[in-house]
Amino acid sequence: IAHELPDDILRRHLGKIHVRGRPEPINLWEIFEGDDEKSRAAKMATLDQFNNFVELLREDDRGQALEVVPDIIAANPDDEHLLHALLSSHLQSRNTG
């Protein structure tokens, strides 16, 4: 659904997650259009790095993904927990998939 939104709606892809009861993983998106201005600006400033992080996890390149985390957190400290959650989810799906 997120890919069907108008281009001016701020969003970022969080990757694919496995959902209980579904045979295939689903795409997870964060819509941050409604965030406060500071949060939106920080997410936009790190969007390319964040997308790179998600892509590296998709490619199962955890080492490279971990290398971009400090730069993202330095620019947007509020993303620290999300980055760790995505990494943890990726590792969990590898161990159960």
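Residues are numbered from 1 along each chain as its sequence is written, and side-chain values use heavy atoms, with hydrogens and water left out. Because the model is predicted, local features need pLDDT of at least 70 and side-chain atom pairs count only at pLDDT 80 or more, while totals for chains, interfaces and linings use all residues.

Helices (H or I, at least four residues) and strands (E, at least two) are DSSP runs, numbered from the N terminus. Helix H1 covers residues 37-45, and its buried residues are Ser39, Ala42 and Lys43. Buried here means under 20% relative accessible area, exposed means over 50%, and partly exposed lies in between (1.4 Å probe, protein chains only). Seen down the axis of H1, the buried residues fall within an arc of 95 degrees, so they line one face of the helix; the arc is that of the directions from the helix axis to the C-beta atoms. Glu37 and Ala45, on the other side of H1, are exposed. The buried residues of H1 pack against strands E1 (11-17) and E2 (26-31) and against helices H2 (47-58) and H3 (62-75), where contact means heavy atoms within 4.5 Å. At the start of H1, a side-chain oxygen of aspartate 36 comes to within 3.1 Å of the backbone nitrogen of lysine 38.

Lys43 is also touched by aspartate 79, a residue of the loop between H3 and H4. Aspartate 79 has a relative accessible area of 3% and is therefore buried.

Phe50 belongs to the largest nonpolar core, which has 14 residues. Such a core is a set of buried Ala, Val, Leu, Ile, Met, Phe, Trp, Tyr and Cys residues joined through side-chain atoms within 4.5 Å. Phe50, Phe53, Leu57, Leu83 and Leu86 touch the most other members. H2, H3 and helix H4 (80-96) are the elements that give two or more residues to this core. Leucine 57 is in contact with Ala65, Leu86, Leu87 and His90, when neighbours within four places in sequence are left aside.

Leu57 and His90 are also among the residues nearest the centre of the largest pocket, together with Gly15, Lys16 and Arg58. A pocket is an open set of points on a 1 Å grid over the protein atoms alone, where a 1.4 Å probe fits, with protein on both sides within 12 Å along at least five of seven lines; lining residues have an atom within 4 Å of a point. The largest pocket holds about 350 Å³ of space and is lined by 16 residues. E1, H2 and H4 each supply at least two residues of the lining, and the largest share, five residues, comes from E1.

Lysine 16 lies in strand E1 and is exposed, with a relative accessible area of 56%. Beyond four places in sequence, lysine 16 touches Pro25, Ile26 and Asn27. Asparagine 27, in strand E2, is partly exposed at 42% relative accessibility. With the same exclusion of residues up to four places away, asparagine 27 touches His13, Gly15 and Lys16. The side chains of asparagine 27 and histidine 13 are joined by a polar contact of 2.8 Å (a pair of N or O atoms within 3.5 Å; within protein, one must be able to donate a hydrogen and the other to accept it, and residues adjacent in sequence count only if both atoms are side-chain atoms).

How values were computed. Points joined across faces, edges and corners; volume = space filled by probe spheres on them.
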